[in-house]
Amino acid sequence: MSTQLADWPSVTDTFLEVDGRQVRILSAPGRGASDARPQLLVHGLGGSSVTWVEVMEGLSEHGPVVAVDLPGFGRTPIADDDPLTMHGYVAFVLDVADALGWESFTLHGNSMGGLVGTLLAADDPDRVDRLVLVSPALPPRSPLGFLRPSRATIDGMLPVAVSSLTALALGAVGLAGPGLDARRNRALLRLIFPDPDGVDRAVLALMAADFAEDIEGVDRRRALLAATCSISSLWADPRQTWRAIRRIQSPTLLLGGTKDALVPAKVLRSVLAVRPDWEGHVIDDRRHALMLEDPETYLRLFDGWGAGAAAA
């Protein structure tokens with residue numbers, strides 16, 4: 001079943017068969033030259049393909065665009081042999097590209113999707129012709145970095161922690177109510193948007209629709225736990241990830257924000273210090289998902305980077 005999104009008429013919500021599994025994708029046909037590069041978009045932990053919807057039409061100027069739901073998230077079911085690890089998601093993304101008939105592609109990855117993209121580009125350089133990392137979930141170079149949280153991390157995560165602990169405590173005595181849920185949801189939205197009240201209602205409705213029904217085979221709790229454990233193991237020993245950063249051959253654009261509570265700006269700046277050949281923008285007052293928070297800036301930076309790479 002395919003559905004054209006009313007608020008984004010160039011984007012189709014559909015399913016792609018990948019090794020016998022129905023994988024949910026959002027797709028937008030390319031509107032540029034016939035030799036334009038295809039683009040594959042990978043979401044973050046707990047997200048789905050919907051997190052890319054605001055930039056898909058603009059990206060399609062450069063070639064066909066597909067955003068995919070990873071197994072256990074959005075509307076893609078978990079298969080019996082899915083490891084639900086970062087390396088397992090690397091293999092899955094390559095399977096999706098194969099099903100699309102794409103030998104190589106530009107990969108955009110946000111948060112966990114950026115970590116997946118980093119590992120993929122390092123291990124399979126012939127498949128990724130360009131890489132865009134948006135607040136990628138890359139670890140500090142030393143685990144000691146966790147002991148010095150940034151101001152953005154404290155400011156962003158404290159309201160989430162307080163509301164969650166309050167809900168837990170009051171729930172234990174039967175006093176938790178919808179007001180606490182609303183407060184926690186606003187705190188979570190503020191990890192991405194500076195003003196939750198100003199968020200496009202159509203975007204929120206599309207995101208909420210993924211959680212509004214139980215979908216056979218989609219076990220978000222299991223996927224969240226397994227993926228979090230996999231990320232944690234890579235962060236506990238960051239050497240593998242940092243070796244991958246150094247091995248990447250693809251031209252790379254790194255984007256992030258100074259108000260990101262999940263991926264501190266200092267981590268992104270340390271990546272750029274190791275890879276001065278990459279283009280990087282750590283943007284003042286921006287948070288964890290630039291393509292949702294400020295799609296115009298995302299597209300402007302991507303367009304400018306692409307034009308510069310083509311001129312070179």
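Contact here means heavy atoms within 4.5 Å. This is a predicted model, in which local features need pLDDT of at least 70, side-chain atom pairs count only at pLDDT 80 or more, and totals for chains, interfaces and linings use all residues. Numbering runs from 1 along each chain as its sequence is written, and side-chain values use heavy atoms, with hydrogens and water left out.

**Whole chain**

Switch to a cartoon view. The protein chain has 11 helices and 9 strands. Both are DSSP runs numbered from the N terminus: helices are H or I with at least four residues, strands are E with at least two. Now show the surface. The chain exposes about 14,200 Å², and carbon and sulfur atoms supply 54% of that area. Areas come from the Shrake-Rupley method with a 1.4 Å probe; for residues, only the protein chains shown count as cover. Of the 312 residues, 51% count as buried. Buried means under 20% relative accessible area, exposed means over 50%, and partly exposed lies in between (1.4 Å probe, protein chains only).

The 9 strands form an open sheet with mixed pairing, in the order 1-2-3-5-4-6-7-8-9. Two strands pair if DSSP finds at least two bridges between them. Go to the edges: strand 1 (3–5) and strand 9 (279–283) each have a single partner strand, so one side of each has no neighbour in the sheet. From one strand to the next, the twist averages 20 degrees.

Zoom in on strand 4 (residues 39–42) and strand 5 (residues 65–68). They run parallel and are joined by 4 bridges. Pick L41; opposite it in strand 5 stands A67.

**Helix 2 and the cores**

Next, select helix 2 (residues 86–100). Helix 2 lies across strand 2 (8–18), strand 3 (21–28), strand 4, strand 5 and strand 6 (105–110). Its angle to strand 2 is about 105 degrees. Axes are lines fitted to C-alpha atoms, for helices over the stretch in contact, and angles run from 0 to 180 degrees between N-to-C directions.

Show side chains. The largest nonpolar core has 50 residues, and M86 and Y89 touch the most other members. Helix 2 gives the most to this core, with 8 residues. A nonpolar core is a set of buried Ala, Val, Leu, Ile, Met, Phe, Trp, Tyr and Cys residues joined through side-chain atoms within 4.5 Å.

Center on Y89. Beyond its neighbours within four places in sequence, Y89 is in contact with L70, P71, F73, L84, M112, V116, A223 and A227. Then move to a second, separate core of 35 residues, which includes V11, L204, L253 and Y298.

**Aromatic pairs**

How many aromatic pairs are there? The count comes to 3. Rings of Phe, Tyr and Trp (its six-membered ring) pair if their centres lie within 6.5 Å; planes under 30 degrees apart count as stacked, over 60 as edge-to-face and the rest as tilted.

Select W52 and Y298. This pair is edge-to-face, at 6.2 Å centre to centre and 70 degrees between the planes. W52 is in the loop between strand 4 and helix 1 (53–59), while Y298 is in helix 11 (residues 295–311), 246 residues apart. W52 is buried, at 0% relative accessibility. Y298 is also buried, at 0%.

Now select F73 and Y89. Here the pair is tilted: 6.5 Å centre to centre, with 50 degrees between the planes. F73 sits in the loop between strand 5 and helix 2, and Y89 in helix 2, 16 residues apart. F73 counts as buried at 1% relative accessibility. Y89 counts as buried at 1% too.

**Loop stops**

Select S49, in the loop between strand 4 and helix 1. Is S49 buried or exposed? S49 is buried, with a relative accessible area of 0%. Leaving out residues up to four places away in sequence, S49 touches R24, L26, H43, A67, V68 and D69.

Two backbone stops remain. Most residues other than glycine have a negative phi. S135, not a glycine, has a positive phi of about 45 degrees. Look for S135 in the loop between strand 7 (128–134) and helix 4 (151–172). S135 is buried, at 1% relative accessible area.

End at D285, in the loop between strand 9 and helix 10 (290–293). D285 is not a glycine either, and has a positive phi of about 65 degrees. D285 is partly exposed, with a relative accessible area of 42%.
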